[in-house]
Structure formats: C-alpha cells, structure tokens
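The questions below go through a structure step by step, from overall dimensions to packing and voids.

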Amino acid sequence: MQFRENPKGSQYGRTLVVGHWIGGKEVGEKAKERFQSLNPAWRDDVVGDFPVGTAKDVEQACKTARDAFKAWRTVPAPIRGEAIGRLGQLLRREKERLSQLLSREIGKPLREARGDVQEAIDTASFFHSEGRRLYGQTVPSELRRKELETFRRPLGVCAIITAGNFPVAVPSWKMIPAVLCGNTVVWKPSEDSSAIAWAFASLFRAAGVPEGVVNVVYGPGPSTGQALVDAIDKGLVDKISFTGSSAVGKRVGEVAGRNLQVPSLELGGKNPMVVMEDADLELAVTGAIWSAYGTGGQRCTSLGNLILHKKIADKFVKRFLDQVKTLHMGDPSFDEDITYGPMINERFLKRYLEHHKMAEKAGAKALLVGERIKKGKEPKKFTGDAEKGLYVTPTLYDNVDINSELAQTEVFGPTINIIRVADFDEAIAAANGTPYGLSSSIYTNDPVYRHRFKTEITAGMTSINNTTSGAEAHLPFGGNGWSGNGTRESGIWVIDAYTKWQCVNIDDSGGLQLAQIETEGVEGGDPQDIDPLLPSKT
Ligand code: UN1
C-alpha cells in the first residue's frame with residue numbers, strides 16, 4: 001500500500017495504490033490490469049488505483065477464507081461481538097475522515113456521507129451485543145431424560161458483492177453480521193468506491209478480527225464479480241450476498257439456486273409515493289423532493305413514481321416546481337449545502353441522459369428535462385466545475401401511464417414520473433403496478449387510507465408521512481418481486497441469512513429410547529357418546 005501524488009496536484013488528497021487484501025497480505029500489486037476510481041466531481045482526481053481481480057485471485061481469497069473459517073467459527077460469539085464493538089468505536093472515531101473520503105470518491109454530499117458511515121456505526125452497535133445473544137432454543141422432548149436444543153451455526157465462506165452508492169452502510173449490513181455469526185468473507189466492492197472499501201476493511205483488522213476472516217478482491221462486476229459468482233459452482237463459496245441491479249441479481253440467484261444455496265439479493269426498485277387529497281401538502285412536497293432528488297436519485301430507495309390524487313395534483317406540482325428552484329447542486333467535498341452532487345459514474349450519467357427517450361415514447365408531459373450541466377450554462381447557485389464533474393439537472397414528467405416503460409424501469413438518477421389518480425383504489429393499483437417492491441410511501445392523515453396502504457402495498461418497506469428512503473439500521477431491509485428474493489438485511493432478521501439451524505438431541509436415559517415409537521401415551525376416558533346426533537344407520 002502506498003500513496004501517490006495526484007497527477008494534477010489536486011487539492012483533494014493523494015491517490016491510494018493498493019493490492020487485494022487476502023489473508024493479511026497484499027496480493028496482485030504486479031497485476032497486468034489495473035483500474036482507477038475517480039472523483040466524480042473532479043475527474044482529474046484519482047482517488048485509488050487497484051489491480052483487477054482475476055479468477056485466480058478470487059480462488060486464493062476463497063481458499064484463505066475457508067482456512068480462516070476453521071478457527072474463527074470456534075471463537076465464542078461474545079468475543080466475536082467484542083471485535084465488532086471495537087469496529088464500531090473505530091468507525092465512530094474515524095467518522096469524519098471516512099465521510100470525507102467517501103464524499104470525495106462517490107460524490108455524496110458530506111452530511112449524507114456522514115449518514116452512510118453512521119449507518120455502519122449503528123449496525124456495529126447492534127451486533128456488538130448480539131454476540132451475547134445469538135439465541136437458540138431449548139425444546140421439551142417427548143421422551144424422559146432427554147432434552148432438545150437448537151443452535152445457530154455459521155455457514156462458512158460468504159461472498160459479498162456491493163454497489164458503490166452506499167459504500168460503507170450496505171457492506172456493513174452484510175459483513176458485520178456475517179463475521180459476528182462466525183463466517184469468513186470475500187468482499188468484492190464496487191469499482192466506484194474501492195478506496196473507501198479499503199479504509200472500511202482496514203478497520204476490521206484494527207478491531208482485532210484475525211487475518212483471513214475478511215478478504216477483499218477489487219475489480220469490475222463483469223470480470224471480478226463474475227469470478228466470485230463462478231466460485232459458487234467451484235464449491236468455494238457457501239453463501240452469496242449481492243446488492244445491485246435486478247438483472248445481475250437474477251443471474252446470481254440462478255447460480256446460487258443450482259447449488260442449493262439461499263443467496264441474499266437486494267436489487268432495484270421503482271419506488272412509489274402516494275399523496276392523497278387530504279395530505280399535508282407542504283410536508284409531502286418536501287418529502288417528494290428529498291425522495292426524488294436526494295443523493296441525485298442514486299439510492300435503491302429513491303422515489304420513482306409519484307402518484308398524486310387529481311384533486312391536489314396541480315397545486316402540488318406548482319409547489320414542487322417552486323421548491324426545485326431552490327435546489328443547489330455542486331461539489332460535495334467543499335460545499336456542505338448542496339442538495340446533490342455529481343452522478344457516481346459515466347454509466348449512470350449515460351443511462352440518465354438516455355431515459356428521456358422512454359418519456360418521448362410514453363407521451364409524457366415534460367415539466368423538467370434533466371441534462372448534463374455545461375460550463376458557461378450552470379444553474380444559479382451551482383458550485384462545482386461543470387467540465388470536470390458529472391453533474392446533471394433534475395427531471396420531472398407528468399401525466400405518465402403506470403404501464404409505460406418509463407414508469408416500469410429503474411433509472412438511478414434524479415428523475416420522477418407523476419401518475420394522476422382519481423381515488424385510493426387507483427392509487428394503490430399504481431403503487432403496486434410495477435414488478436418491483438422495495439420501498440414505498442403515502443402522505444395522508446386519513447386512518448382508513450393509512451391502514452389500507454400498509455396492508456395492501458406489496459413493497460417490503462413502507463412509510464406513512466415520510467419519504468421512500470431513510471430505512472433505519474435495525475429494521476429488516478429488503479424487497480419483493482424484482483427487488484429481491486425475500487431475504488432481509490439488518491436487525492435480528494439478517495441473522496437468518498448468515499446462520500443455519502442445528503438441532504441437538506441429548507439423551508441421558510442410559511437406554512435406547514425411540515421417539516414416536518416408545519413415546520408414552522396418555523390414559524383418558526371414553527369420548528362423549530355423540531352417536532345420537534349422527535344420521536340413523538340403515
Ligand atoms: C441503498 O440505496 O442501497 O434507506 C441503501 C435508505 C438508506 C439505505 C439505502 N438507509 O435510503
């Protein structure tokens with residue numbers, strides 16, 4: 001590991017040059033192929049320089065993780081929990097520096113970057129004490145002098161593949177419980193956020209997690225990520241947890257499925273927000289702006305379809321457009337007031353600019369058509385360098401049909417579609433009208449609407465009078481349909497994803513006792529004679 005001066009002598013900091021982290025050693029420093037992670041606000045700023053992980057690197061990491069598993073699984077869970085507790089303390093101590101690096105590498109506004117790191121701190125504090133629970137059950141036996149117990153056992157080697165938009169929070173949801181439960185990990189972070197991944201992984205080591213328990217292999221999804229998925233077929237991986245697109249998630253699920261493994265899949269969304277006619281409009285507009293444009297729409301929980309009751313739709317749109325005028329885009333590392341920073345990478349930028357074609361096809365009414373911010377044509381209050389950063393303005397389409405491709409496709413940018421409806425039945429049909437089901441929200445003060453929404457919505461997460469995003473670190477995070485396979489992250493629920501149940505029968509009777517066959521019966525009287533109530537026999 002070394003730090004190199006940035007080519008342009010950037011004000012941002014130096015470049016991290018590092019190899020994969022396998023069994024406490026750096027590997028692949030002399031790799032033929034390397035890639036760089038760039039600051040999306042300032043593309044001259046090279047944040048990190050990494051080797052592209054090959055199938056050989058991935059195999060080596062999996063085998064190292066397999067070896068380390070033998071010892072790690074025997075460490076008492078409360079002691080594993082202590083290491084997670086120390087990880088939490090380190091994250092807290094380093095929160096500001098980690099947030100600065102995170103913001104520099106993926107362009108997230110600083111206050112949100114701090115939230116990203118805070119989510120990992122919250123996860124660490126939850127699992128610190130979970131090491132002292134990790135409960136099983138004691139169960140009565142049907143035989144004498146026999147007792148039954150259940151235990152959670154670790155699965156083995158966990159392959160973890162994560163996206164770049166929540167580069168500390170989301171990996172922490174997976175790695176912390178995996179490690180706490182006694183598993184070992186091979187992590188392939190996003191190539192957009194590999195420097196912050198390096199910093200996060202280093203903290204496990206500093207927290208006292210033994211070498212080989214957490215291994216990191218860098219590289220792009222189609223090559224390195226694919227090699228890690230292929231490792232399932234080679235018998236090197238016992239569990240895979242993936243956060244990313246639905247298309248890739250389906251392929252990961254197929255490989256896991258044919259190996260009879262249950263993967264954890266957290267995939268895309270086209271999250272709906274409903275605003276009913278009785279809603280507090282000011283609250284709903286502010287919530288919609290944040291859901292839609294916060295993080296530049298680059299959250300899996302970002303708002304996609306805004307479903308407005310037609311009685312308030314015009315008023316809502318007017319207020320929404322007034323608030324859009326106050327938005328403030330720019331360079332996230334230096335300007336703390338921005339609403340959102342640049343697009344994380346060129347791929348997201350391209351997809352955002354191209355999604356307007358779907359709107360044309362849908363015949364949607366364009367109220368705001370987002371475009372790349374160009375030098376000399378910056379919006380008011382813009383603070384970045386438009387030439388060097390991947391900045392865009394926001395999009396708003398009105399009169400969108402829920403069945404159009406526009407309303408059915410995740411974009412991952414600051415864009416939303418307004419769908420106007422006449423009543424609650426139409427609203428819930430639209431909210432459930434895409435193949436996704438991650439998060440959702442409704443603004444209303446009517447108890448019947450609230451009750452119907454929370455019981456009829458098919459999404460895994462729902463908010464009443466709050467936004468589609470902002471899930472807390474100890475609630476089950478996950479979706480249905482194309483948004484996932486029903487597994488959940490966070491809180492006590494994620495423990496099921498990283499452990500398997502074992503039951504133990506302890507027979508202290510000193511003899512051979514046969515369940516079901518030698519079980520004592522219960523002597524009882526005759527049942528009441530009910531014959532007189534039955535039809536007479538002929
Ligand atoms: C993601 O975008 O992958 O609920 C995770 C939220 C955040 C997590 C988002 N706490 O928006």
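Q: What radius of gyration does the protein chain have, and what would a compact globule with 538 residues have?
A: In this predicted model, the comparison is with a compact globule of 538 residues, whose radius of gyration would be near 24 Å. The value for the protein chain agrees with that figure, so the chain is consistent with the globule rule. The radius of gyration of the protein chain is 26 Å.

Q: What box do the C-alpha atoms of the protein chain fill?
A: The box is taken along the principal axes.

Q: Is helix α3 roughly parallel or roughly antiparallel to helix α6?
A: Helix α3 covers residues 95-106 and helix α6 covers residues 194-206; their axes lie 8 Å apart and the packing angle is about 155 degrees. Angles over 145 degrees count as roughly antiparallel. Therefore the relation of α3 to α6 is roughly antiparallel.

Q: Which residues of α6 make the contact with α3?
A: From α3, the contact uses Leu98, Leu101, Leu102 and Glu105. By class, the residues in this contact are 7 nonpolar, 1 polar and 1 charged. On the α6 side they are Ser194, Ala195, Ile196, Ala199 and Leu203.

Q: Which element gives the most to the lining of the second largest pocket?
A: The second largest pocket holds about 560 Å³ of space. Its lining has 22 residues, with Arg97, Leu98, Leu101, Arg104 and Trp198 nearest the centre. At least two lining residues come from each of β2 (15-17), α3 and α6. With 6 residues, the element that gives the most is α6.

Q: Which residues lie nearest the centre of the largest cavity?
A: The largest cavity has a lining of 14 residues. By class, these are 4 nonpolar, 7 polar and 3 charged. Nearest the centre lie Leu303, Gly304, Glu410, Val411 and Phe412.

Methods:
Residues numbered from 1 in each chain as written. Predicted model: local features only at pLDDT ≥ 70, side-chain atom pairs only at ≥ 80, totals over all residues. Heavy atoms only, no water. Axes fitted to C-alpha atoms, helices over the stretch in contact; angles between N-to-C directions. Helix = DSSP H or I, 4+ residues; strand = E, 2+ residues; numbered from the N terminus. Parallel < 35°, antiparallel > 145°, perpendicular 65-115°, else oblique. Contact = heavy atoms within 4.5 Å. Nonpolar A, V, L, I, M, F, W, Y, C, P; charged D, E, K, R; others polar. 1 Å grid on protein atoms, 1.4 Å probe; cavity = no way out; pocket = protein on both sides within 12 Å on 5 of 7 lines; lining within 4 Å. Rg over C-alpha atoms; globule rule 2.2 N^0.38 Å. Points joined across faces, edges and corners; volume = space filled by probe spheres on them.
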